[in-house]
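Subject: Structure handover

Hi,

Here is the structure I promised to pass on.

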Amino acid sequence: MKNKFGKFMVLGLFLMIFLVACNATEAGRIEAYYIGDGGFIVSKKSENFVPGDLIMATNKTDHSGLSFGQNYSILVADELYSTTPPSFSIKSISEDLGKFEYLNMSFVRAGSILGLYGSESITVDLRPKEDYDQGHVPDAINLSLDDIQAGEDFSDLLRKDQLIFVYGKGQAMSRDGAKALVSQGYKLVFDLGDIKAYAHKLEQ
């Protein structure tokens, strides 16, 4: 009886050590989409970040083998630099977690990304043209949700390897537009939701 109890104690001790080790490793690990030039957008909540956060790597030269829009598991150094956006040093990128699927993002987070990646980004208003003409997010282009869902070719306006932000009249319109573009091969399409969430002055 004592022998069995001792075995359970040893097994329990090894399990505790394993869990502590896993937690210690995960504390320095981030899952994020690569957006080029050392930039990543967090895809999964971690100790320091939530999905949609923009983070930058200080050792940018290590990223020649990374693919735009792919989701990676990144082990980062303990120190995070208090810059805006936050930056860090990468210890290793251990695996490719697959391509982008879908991610909600606030207008505030999108604004911080556009500030650094504006030339590689585009914002799409999915509402009817009459609504767009009455007021839209500055620099947004107007594409019909119906045309997107019908598979119309927008290659003259959108690139597959750029950051695309979409919003609409209501959350459902924005979600449907984002998912339709992703299904057509656009690598990074972020759902900003209802235009009512935009806090600044609209453009006409």
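Let me start with glutamate 120, which counts as partly exposed because its relative accessibility is 34%. In these notes, buried means under 20% relative accessible area, exposed means over 50%, and partly exposed is in between (1.4 Å probe, protein chains only). Before going on, a word on where this comes from: it is a predicted model, so local features need pLDDT of at least 70 and side-chain atom pairs count only at pLDDT 80 or more, while totals for chains, interfaces and linings use all residues. Residues are numbered from 1 along each chain as its sequence is written, and side-chain values use heavy atoms, with hydrogens and water left out.

Salt bridges

Glutamate 120 forms a salt bridge with arginine 159, and the closest N and O atoms are 2.8 Å apart. By salt bridge I mean a side-chain nitrogen of Lys or Arg within 4 Å of a carboxyl oxygen of Asp or Glu. This pair links distant parts of the chain: glutamate 120 is in the loop between H2 and S7, arginine 159 is in the loop between H4 and S9, and they are 39 residues apart. Helices (H or I, at least four residues) and strands (E, at least two) are DSSP runs, numbered from the N terminus. Arginine 159 is partly exposed too, at 35% relative accessibility.

How many salt bridges does a search of the whole structure find? The count is seven. Another one is between the side chains of aspartate 53 and arginine 109, at 2.6 Å from N to O. Aspartate 53 is buried, with 17% relative accessibility, whereas arginine 109 is partly exposed at 29%.

Arginine 175 and aspartate 176 also form a salt bridge, their closest N and O atoms being 3.3 Å apart. Both count as partly exposed: arginine 175 has 32% relative accessibility, and aspartate 176 has a relative accessible area of 28%. Salt bridges with shared partners also join Glu120, Arg159 and Asp161 into one network.

The sheet

Next, look at the open sheet of five strands, which pair in parallel in the order S6-S10-S9-S7-S8. Strand S6 (103-104) and strand S8 (141-142) are the edge strands, each pairing on one side only. Two strands pair here if DSSP finds at least two bridges between them.

Strand S7 (residues 121-125) and S8 are joined by two bridges, and aspartate 125 has asparagine 142 in S8 as its bridge partner. Between S7 and S9 there are five bridges, again in the parallel sense; here valine 124 is partnered by valine 166 in S9. S9 is in turn joined to strand S10 (residues 188-194) by six bridges, with phenylalanine 165 opposite phenylalanine 190 in S10.

Is S9 buried or exposed? Six of its six residues are buried, so S9 is largely enclosed by the rest of the structure. In a regular strand the side chains alternate between the two faces of the sheet. On one side of S9 you will find Leu163, Phe165 and Tyr167, and on the other Ile164, Val166 and Gly168, all of them buried.

Loops and surface

A few loop residues deserve a look as well. The peptide bond from threonine 84 to proline 85 is cis, with omega near 0°, and proline 85 is in the loop between strand S4 (70-81) and strand S5 (87-99).

Aspartate 37 is not a glycine, yet its phi is positive, at about 55°. Its place is in the loop between strand S1 (29-36) and strand S2 (39-42), and aspartate 37 is exposed at 54% relative accessibility. Aspartate 139 likewise has a positive phi, of about 70°. That residue is in the loop between helix H3 (129-134) and S8, and aspartate 139 is exposed, with a relative accessible area of 67%.

Finally, aspartate 156 lies in the loop between helix H4 (145-149) and strand S9 (163-168), and is exposed at 65% relative accessibility.

Cheers
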